[in-house]
Amino acid sequence: MGPRWKGKGSEAKALGDPMSKIVSQLQSSLSQSEAQGLLCGCSVLLGAKAQEADLLNRSCFGVTITTAEKDRQWFQLSMEEAFYLHYSLKCLKIVDEDRRLMNDEELLLYMKSKKETFPDFYKAYSHLRMKNWVVMSGVRYGVDFVAYRHHPALVHSEFAVLVLSSEEEGCGGANARLRTWSDIHCTTRLCSGVVKTLLVLNVSRNGHGDGAISLSRTEKYTIYEYTIKRWLPERCREDHGLVKSESSSCTIAEDGTK
């Protein structure tokens, strides 16, 4: 399933202004201004002037907040977005409610205390962002994230993303999805209905899931990608056999067979 561009000229506009370039400009701008985000519950608040606000909007970081301030636009960043800007891009400092600057490890521990699955979700989020996908919340579609090739104003999202943990390492219970046929069936039918491919990102902790969480441990996590698609018998009446692909994909038939 390829990209579905919104209107004439959208593809050309996206190619002329690649997401990697926009994110690089944002990284440079935030670094130069020594931007600081305020940790507030399960999100981070970031005030930005006109240039930075434009870059944040174009790169799809955060949700704008309406305030009375005229010279500054405020953004609410998710924990994954904030930690990506802070840790991966090194362009955002984050302070707590007492205005105390937080280091990498303190921030990781705080975010994990607010969301048990944060290390896995951050690893999945950064995995897609590093590949220049725009990653946004997938709550509208019953998934963890949705991934866009470029800005949502130009193109529809291509992937509905679920983040799973390696069950054999004892860390699969926190986000226990796709364990039953009914869940697989509902999820694939929903994705088909909204014209998206289900992308499963399986986070393997490689034996580093036990004990206290740390960035040195999360750096050793591995991401495995799988796509799951529905197979409709009426579209393939001549050959009801499934050919196994060498790529990481799984086709689900309507009767539940794989």
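Predicted model: local features only at pLDDT ≥ 70, side-chain atom pairs only at ≥ 80, totals over all residues.
Residues are numbered from 1 along each chain as its sequence is written, and side-chain values use heavy atoms, leaving out hydrogens and water.

On to the overall layout. The chain holds 8 helices and 11 strands, taken as DSSP runs numbered from the N terminus (helices H or I, at least four residues; strands E, at least two). Of its 258 residues, 44% are buried (under 20% relative accessible area; exposed is over 50%, partly exposed in between, with a 1.4 Å probe and protein chains only). Looking at contacts (heavy atoms within 4.5 Å) between residues at least 6 apart in sequence, 58% join residues at least 24 apart.

Now the charged pairs. The whole structure has 10 salt bridges, each a side-chain nitrogen of Lys or Arg within 4 Å of a carboxyl oxygen of Asp or Glu. One of them pairs K115 with E80 at 2.7 Å, N to O. K115 sits in the loop between α5 and α6, and E80 in helix α4, 35 residues apart. K115 is partly exposed at 24%, whereas E80 is buried at 5%. R149 and E158 also pair, with their closest N and O atoms 2.6 Å apart; R149 is partly exposed at 36% and E158 buried at 5%.
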